[in-house]
Amino acid sequence: MSDDLDRDSWERRWTRVLDADPTGVDRRPPNALLLAEVADLPAGVALDAGAGHGSEALWLAARGWRVTAVDFAATALARGAGRAGREGAEVAARIAWVEGDLGSWTPPAAHFDLVTCFYVHVAGSVPEMVRRLAGGVARGGTLLLVGQPGAAGQTQVSVPDALEVLDTDRWEIVVAEDRRRGARGAATDAVVRARRRT
Ligand SMILES: C[S@@+](CC[C@H](N)C(=O)[O-])C[C@H]1O[C@@H](n2cnc3c(N)ncnc32)[C@H](O)[C@@H]1O
């Protein structure tokens with residue numbers, strides 16, 4: 001893994017961001033793709049893999065989801081946990097902040113009604129990480145993966161990598177596309193939403 005993608009560099013990055021503007025990340029809205037793809041799902045048990053500042057985990061928890069928020073940057077997790085506390089005891093109690101490296105961290109098998117992963121690069125193989133995360137989705141549950149194609153020096157989830165793993169006998173592919181960000185934006189997001197059949 002290149003040096004600027006490992007745990008220490010993410011720690012430094014989060015520390016720098018929080019030092020520069022301690023409350024700035026608290027104002028970051030949850031990703032619009034999460035709202036678009038998940039708003040129609042009933043609340044259940046969710047995993048946010050690579051949760052960062054926690055905006056997505058907080059949004060889910062505020063809607064009744066019980067969330068496991070995994071990241072390898074303790075600084076980001078601490079900020080998210082503090083923010084959850086300020087949202088109120090009920091929301092805070094619904095989120096477990098877990099320090100883990102998604103290069104190897106494996107969710108409990110078939111446990112989650114929703115597994116999300118937004119903009120996480122991996123040191124190893126993307127299909128291997130997708131396979132591990134997909135293994136955590138319960139029958140009938142949803143896998144939502146979003147990656148930025150060609151993000152500088154990073155390998156994030158792509159549509160082909162995800163589809164390589166998601167066997168259509170076991171998964172209904174609901175969305176698999178490179179979606180333009182904003183009406184006129186040049187950037188695209190690789191968006192994969194799949195529902196586990198069996
Ligand atoms: C670009 S940020 C995205 C944060 C959040 N998902 C979002 O969409 O705003 C990537 C996050 O993934 C975390 N991350 C990167 N590689 C990781 C790994 N191997 N294991 C766990 N977390 C990782 C970083 O610490 C960072 O918080």
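Modeller: A pocket here is an open set of grid points with protein on both sides within 12 Å along at least five of seven lines, and its lining residues have an atom within 4 Å of a point. Keep in mind that this is a predicted model.

The largest pocket has a volume of about 760 Å³. Its lining counts 32 residues. Nearest the centre lie Trp-10, Trp-14, Gly-50, Phe-118 and Tyr-119. By type, the lining splits into 15 nonpolar, nine polar and eight charged residues. Helix α1, residues 7-20, supplies the largest share of the lining, with five residues.

Trp-10 has a polar partner. Its side chain makes a polar contact with the side chain of His-121, at 2.7 Å. His-121 sits in the loop between β4 and α6. Is His-121 buried or exposed? His-121 counts as buried because its relative accessibility is 7%, and the cut-off for buried is under 20%.

Now the cores. The largest nonpolar core has 28 residues. Leu-102, Met-129, Leu-133, Leu-143, Leu-145 and Leu-166 have the most contacts inside it. Elements giving two or more residues to this core include β4 (112-118) and α6 (126-134). The most comes from α6, with five residues.

Take Leu-145 in detail. Leaving aside residues up to four places away in sequence, Leu-145 touches Cys-117, Val-130, Leu-133, Val-157, Ala-162, Ala-190, Val-191 and Val-192. A second, separate core holds 23 residues, among them Leu-34, Ala-46, Val-67 and Val-191. In soluble globular proteins, nonpolar side chains tend to be buried together.

How values were computed
Residues numbered from 1 in each chain as written. Predicted model: local features only at pLDDT ≥ 70, side-chain atom pairs only at ≥ 80, totals over all residues. Heavy atoms only, no water. Core = buried A, V, L, I, M, F, W, Y, C linked by side-chain atoms within 4.5 Å. Buried < 20%, exposed > 50% of the residue type's maximum accessible area, 1.4 Å probe, protein only. Helix = DSSP H or I, 4+ residues; strand = E, 2+ residues; numbered from the N terminus. Contact = heavy atoms within 4.5 Å. Polar contact = N/O pair within 3.5 Å; in protein donor to acceptor, adjacent residues only side chain to side chain. 1 Å grid on protein atoms, 1.4 Å probe; cavity = no way out; pocket = protein on both sides within 12 Å on 5 of 7 lines; lining within 4 Å. Points joined across faces, edges and corners; volume = space filled by probe spheres on them. Nonpolar A, V, L, I, M, F, W, Y, C, P; charged D, E, K, R; others polar.
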